[in-house]
Amino acid sequence: MPIPLDPGPADFEPRLSARRESAHEAAPRVDGFADGASARVIARHFASTRKAPGIRSARPVVLQQRKVVVVWRKMLSGTGARKALAYHLGYLTREGVEQDGGAARFFDAGSSDVDPRAFISRCKEHPGHYRLMVNPEDGRELGDLKTYARQFVQRVERDVGAPIEWIGTGHHDTGRPHLHLLLRDRTPDGRDLRLTGDYLSGGLKNAAEGVATELLGPRAERTPKPTIQADRLTDLDLILMEAASDGRVEASGLPGPHRPDALRRLVYLERKGWARAAGTAAWEIPPDLRTILRKAAQRDYRELASAKILRDSNLSGDGSRMRAISLEPGEHFAGAFVGVRPMGRCTSGSQALVIDGLDGNLGHILVRDARAAMCLDRIPTGAVIEAVGAVRGVRPSDQTIAEIAAERGGVWSRADHAEARPDDWPKFIGFHHSRAEAMSLEGACKALGDGRYSIPDDYCDRAGQVERALWGPSEISVRVLDDRQLEDQVRSPGLTWLDRLMAKPDRPHLSGPFGEAVTAALTERAKRLRMTGLGAGEPLLLSDADVHRLWAMEVKSVFEPLERTGKPVFLTSEGQSTAGVYVKRVHVAGSPYAVLEGKSAYHLLQWTPGMEACRGKAMNAVVQNATVSFRSVRNMGAELGL
């Protein structure tokens, strides 16, 4: 038999590449950490029973088309084309390619036993043809490749709008059964068969995958082991909750493509205590499984983000002091600012805040979003900050949804919102739609389909319960007590956080590294204050008059450097508006103020989170209701002569 001239497509067998994950040896559990310890090692040190998986959003399960690889080659009519076709057919008919180990047997649309020499004879005048190698990922499940090949060619004929003369054979010698097809470039009635480049590169693959999906059903995405053992809400959990009846999941009720992975997930949930075996091949899952898994993921992401903050700080060896801090309404946690970091990929989402507390704990606190911690923008580490717990109120979006639904017979939709609030932007309405969709998954409201939601009368209470279950009873707010480090406060000519501590008869209990540093700083600060005649007693206690004097000294220390430029400095009061270039932020008596440089004067007004993004830019600012609203204005600097 002659040596084949084109053996390439027959020997081709696509393989799925496995991505290798780097392995890290766990560090020994000691009080400190070696230099360069990874964030995961630090997180494992203070949360050894939990892992910190990568962040993935919970999304609906997508059943995909079956995967098929199609390799094609177009052979033009020309010198040696008929001979090349004969060589290729000789290669395809070699021994050992059939399931029984025999030579390949050809078939076409109407017969299962076709003589390939007859095909060569018909191609005598026009030997041009297309060679296809069709390799389904699930070729063994297809069983009879002839049926699959015929339906595939029928789909191609329908796509190109012309009949096709072809023959094919199946090969089973590579471990994955696949097809070799030969298509004449002439139709039975003598017309040219032209397959465009776009169809060859994409259309053939779509046709092959479509037929395989019709024969075998959709292909479920393969679930990796980390997903099955993830402490977060996964696609498999959504399948389990959909298959549950009165909180009970039967193995027989799980969808076939996902049943093996779903059963493995149930076993893992049982081992974690989040599901309970209820007889043979049955489990009970709690009604709040979604919230349980989301809180578990939140905890892991929070610990991982906190460990990364610790790794990048000068406290990387203090992981044993790390504690999760949960504040009740009215509770405070103060200390030195260590760092803040997003808990996910969204920088404006949940944040992990680490504070070196006065009580010796290195606390990590969950902050709902970046807005609540915006006051820490460009605040140096070591500054004294405080986290405060407040009663969690009704979210404005929930209130708006409830109000519109009350006007519309208990139903909310985008159209209802747009009609009731015509001034709201479509994107703003879209945020409310996302909120209603999320609350429907939690059971606070009910999705009616077509973007409509049934909103009960107690919707706000239900949504509040969901918020408290996931985020805790308190809304965390953060404020800067003093943006200066302790050594700078000791030397400061004005009022500092140390001075406000000395003005209180009952001082907080101080312990741990930062507490000891505060105790030493208080001693040094008291010596300096006594030299200026401020305070009395042992330990030093400052009166209201002393505090006022220090406040006046601080105001002077802020105003004098600005006045040396030749421009007066004014404090913008309620109802006034001003314009200028945002220069910097200063702290007076622990409160932040923004400095705007106008053409003829400096203006001080209350600093607002988000202004740091406008540093060096011109803006208009208005003080109303003790808050500042500002907007950036282009080219104002040139108009002001700056």
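Modeller: Two strands pair if DSSP finds at least two bridges between them. Keep in mind that this is a predicted model.

Biologist: How many bridges join strand 11 to strand 12?

Modeller: Strand 11 covers residues 332-342 and strand 12 covers residues 351-357. They run antiparallel. One of the links involves Val340, whose bridge partner in strand 12 is Leu353. The number of bridges joining strand 11 to strand 12 is seven.

Biologist: Which strands are the edge strands of the open sheet?

Modeller: Six strands form the open sheet, with mixed pairing, in the order 10-13-12-11-14-18. From one strand to the next, the twist averages 45°. An edge strand pairs on one side only, and that holds for strand 10 (322-325) and strand 18 (474-482).

Biologist: Which helix lies across strand 11, strand 12 and strand 14?

Modeller: Strand 14 spans 384-391. The helix in question comprises residues 512-531 and runs at about 50° to strand 12. That is helix 18.

Biologist: How many residues of the contact of helix 14 with helix 15 are charged?

Modeller: Arg435, Met439 and Glu442 in helix 14 meet Tyr459, Ala463, Val466 and Glu467 in helix 15. Of the residues in this contact, four are nonpolar and none is polar. The charged ones number three.

Notes
Residues numbered from 1 in each chain as written. Predicted model: local features only at pLDDT ≥ 70, side-chain atom pairs only at ≥ 80, totals over all residues. Heavy atoms only, no water. Contact = heavy atoms within 4.5 Å. Helix = DSSP H or I, 4+ residues; strand = E, 2+ residues; numbered from the N terminus. Nonpolar A, V, L, I, M, F, W, Y, C, P; charged D, E, K, R; others polar. Axes fitted to C-alpha atoms, helices over the stretch in contact; angles between N-to-C directions.
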